[in-house]
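This briefing sets out selected packing and interface features of the structure shown below. It is arranged by topic for reading alongside the coordinates.

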Amino acid sequence: MNKKKTATPKKRSKSLSHDHTHSEGRCMDLFRQLSAYIDDELPADICEEIRRHLGACPNCEVFIASFMQTVTLCRHRSAPELTSVDRMKMRRAILTAANAR
Amino acid sequence: MLPRLRSSHARFCFQKASPTSRLYRDHVDLIYRYAHRLCGETESAKDLVQETFLNAYQGLKDFRGEAKVSTWLYTIASRACIRMRRKRKGEPEHELSIEEFVPTSEGEFRLQIPMGGLSPEEAFQNKELREALDQAIDKLPRKYRMALVLRDMEGLSAKEVGTIMGVNERAVKSRLHRARLFVRRELSARGITEHDNQRSGGLRS
């Protein structure tokens, strides 16, 4: 019998910054969580810590800006479309190959 | 929902189309777009589309509808892509580690992508930026490229991507994060300037 799944609380990641010193460790914590942060997958208190860290660490602030720009560009990169002639030619080629198999 | 078809004959043909015809008609554009993003060029993308639909036609009778048709086709296309690239290039798969993307100097931290307040559409008028992005994605090891294409470009959820790639959500997120870091480093290291943006302003994709 399948057990009913229960919601588990999100694991807390290591605290990013409380004392506002910018040791490599805190920047690394942010570095590891950047995608989760911009994809809105982190608990509110961790997001708040990240925002505080960003406000006090210009390097991380600049880095995250370029990271977000990268994701924005990927999301907006268009792909070429098929022409109706290509669509028809491919369909014919697929049917020929399917009959030959 | 049925498209608006003018004549009753067109409506009749549309409704009477065979399952394979409908599958092709409804999904070929989606699969071609995905194939082009994975392969990076037209001819390989067309080969991949053909291989995908050939495999799909063979498997259609066994498709029970547990997943969305599009998810099923993405899965077939992804597997076909792995087989085709292995045959063509014998490309070795290598792992990307987070550590290799950690900036080691302030200069590296501060490398920028030349968007300068532009919208993505305006930024893509820069041919060099378009090419740099395409090349960066093409340079990604396959499993990272797939995660990035499916999640950020095709807009699927991490769960769907996991189903397609046969891994859990955690693995999808880990691959996606490394892929984004890789592309960010490639783009910012190219030294594309806003001057290039203005110079190639007339070029559109």
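In this predicted model, V161(B) touches A147(B), L150(B), R151(B), L156(B) and V172(B), residues up to four places away in sequence being left aside. V161(B) belongs to helix α9 of chain B, which spans residues 158-165. With 26 other C-beta atoms within 10 Å, V161(B) passes the threshold of 20 and is therefore buried.

**Helices α9 and α10 of chain B**

- Two packed helices are described by the angle between their axes and the distance between the axes.
- For α9(B) and helix α10 of chain B (residues 169-189), the axes come within 8 Å and cross at roughly 100°.
- On the α9(B) side, the contact is formed by A158(B), K159(B), V161(B), G162(B) and M165(B), which meet E169(B), V172(B) and K173(B) in α10(B).
- Sorted by class, this contact of α9(B) with α10(B) comprises four nonpolar, one polar and three charged residues.
- V172(B), one of the α10(B) residues in this contact, is also among the residues that V161(B) touches.

**R175(B) in helix α10**

- R175(B) is located in helix α10 of chain B.
- R175(B) is buried, because 24 other C-beta atoms lie within 10 Å and the threshold is 20 or more.
- Leaving aside residues up to four places away in sequence, R175(B) touches K143(B), Y144(B) and A147(B).

**Separations within chain B**

- V161(B) and A17(B) are 144 residues apart in sequence, and their C-alpha atoms are 30 Å apart in space.
- R175(B) and F63(B) are 112 residues apart in sequence, with a C-alpha to C-alpha separation of 29 Å.

**The largest nonpolar core**

- The largest nonpolar core has 63 residues, of which A35(B), A77(B), A147(B) and L148(B) touch the most other members.
- Helix α2 of chain B (residues 19-39) provides the largest share of this core, namely eight residues.
- Domain 1 (14-89) and domain 2 (98-199) of chain B each contribute at least three residues to this core.
- A35(B) touches A45(B), L48(B), V49(B) and A77(B), again without counting residues up to four places away in sequence.

**Domains of chain B**

- Chain B is divided into domain 1, covering 14-89, and domain 2, covering 98-199.
- A distance of 25 Å separates the C-alpha centres of domain 1 of chain B and domain 2 of chain B.
- The contact involves 11 residues from domain 1 of chain B and 13 residues from domain 2 of chain B.
- On the side of domain 1 of chain B that touches domain 2 of chain B, α2 and α4 (69-89) of chain B each supply at least two residues.
- α4(B) gives the most to that side of domain 1 of chain B, with six residues.
- By class, that side of domain 1 of chain B has five nonpolar, four polar and two charged residues.

**Interface between chains A and B**

- In the contact between the chains, 31 residues of chain A meet 39 residues of chain B.
- The elements of chain A that give two or more residues to the side touching chain B are α1 (24-38), α3 (58-76) and α4 (84-100).
- The greatest contribution to the side of chain A that touches chain B comes from α3(A), with 13 residues.
- This side of chain A has 17 nonpolar, eight polar and six charged residues.

**Chain A: overall features and D40(A)**

- Chain A contains four helices and zero strands, and its elements run α-α-α-α from the N terminus on.
- Of the 101 residues in chain A, 25% are buried.
- Among contacts in chain A between residues at least 6 apart in sequence, 55% join residues at least 24 apart.
- Most residues other than glycine have a negative phi.
- D40(A), although not a glycine, has a positive phi of about 60°.
- D40(A) is placed in the loop between α1 and α2 (44-56) of chain A.
- Because 7 other C-beta atoms lie within 10 Å of D40(A), and 12 or fewer counts as exposed, D40(A) is exposed.

Note on methods. Residues numbered from 1 in each chain as written. Chains lettered and ligands numbered in written order. Predicted model: local features only at pLDDT ≥ 70, side-chain atom pairs only at ≥ 80, totals over all residues. Contact = placed C-beta atoms within 7 Å. Nonpolar A, V, L, I, M, F, W, Y, C, P; charged D, E, K, R; others polar. Axes fitted to C-alpha atoms, helices over the stretch in contact; angles between N-to-C directions. Core = buried A, V, L, I, M, F, W, Y, C linked by C-beta atoms within 7 Å. Domains from an automatic or database assignment.
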